[in-house]
Amino acid sequence: RFAANRLIPPSDYKQLLSLSKYSRQFIRRFAQKIAVAPSIVVGRLHHEGRLPPTHLNDLRTKFELTGCPDSPA
């Protein structure tokens, strides 16, 4: 909860939840306004069940961890 509230302040998140539908353009503008990546907003909406996990995935950043120095061989 601490991390979620640090990334998206509660007052801003409450404003976000007042909408019933989320467009790509709105998510991008909202994320820019609060200075986070759109993937943070989409991920939180997915995590909290406010957006189906199949929606707006193109706004999520994809990455692959390779060659982590602390991982066992």
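A crossing of two helices is called left-handed if the near helix is turned anticlockwise from the far one by less than a right angle, and right-handed if clockwise. Helices themselves are DSSP runs (H or I, at least four residues), numbered from the N terminus.

## Before we start

This is a predicted model, in which local features need pLDDT of at least 70 and side-chain atom pairs count only at pLDDT 80 or more, while totals for chains, interfaces and linings use all residues. Residues are numbered from 1 along each chain as its sequence is written, and side-chain values use heavy atoms, with hydrogens and water left out.

## Helix 2 and helix 4

The crossing of helix 2 with helix 4 is right-handed. Their axes (lines fitted to C-alpha atoms over the stretch in contact, with angles from 0 to 180 degrees between N-to-C directions) come within 13 Å and cross at roughly 70 degrees. The two helices are therefore roughly perpendicular to each other, a label for angles of 65 to 115 degrees.

Tyr 13, Leu 16 and Leu 17 of helix 2 make the contact (heavy atoms within 4.5 Å) with Val 41, Arg 44 and Leu 45 of helix 4.

## Helix 2 and helix 3

Helix 2 spans residues 10-17 and helix 3 spans residues 24-34; they pack at an angle of about 165 degrees, with axes 12 Å apart. That makes helix 2 roughly antiparallel to helix 3, the term for angles over 145 degrees. Here, too, helix 2 passes helix 3 in a right-handed crossing.

On the helix 2 side, Asp 12, Tyr 13, Gln 15 and Leu 16 take part, meeting Phe 26, Ile 27, Phe 30, Lys 33 and Ile 34 of helix 3.

## What helix 4 hides

Which residues of helix 4 are buried? They are Ser 39, Val 41, Val 42, Arg 44, Leu 45 and His 46, where buried means under 20% relative accessible area (1.4 Å probe, protein chains only). Their cover includes helix 1 (2-7), helix 2 and helix 3.

Arg 44 counts as buried because its relative accessibility is 9%. Its side chain reaches the backbone oxygen of Ile 8 at 3.4 Å. Leaving aside neighbours within four places in sequence, Arg 44 is in contact with Arg 1, Ala 4, Asn 5, Ile 8 and Tyr 13. Ser 39, with a relative accessible area of 16%, is buried as well; not counting residues up to four places away in sequence, Ser 39 touches Leu 59, Arg 60 and Thr 61.

Just after helix 4, Gly 49 takes a positive phi of about 75 degrees.

Terms used. Angles under 35 degrees count as roughly parallel, over 145 as roughly antiparallel, 65 to 115 as roughly perpendicular and the rest as oblique. Buried means under 20% relative accessible area, exposed over 50%, partly exposed in between (1.4 Å probe, protein chains only). A polar contact is a pair of N or O atoms within 3.5 Å; within protein, one must be able to donate a hydrogen and the other to accept it, and residues adjacent in sequence count only if both atoms are side-chain atoms.
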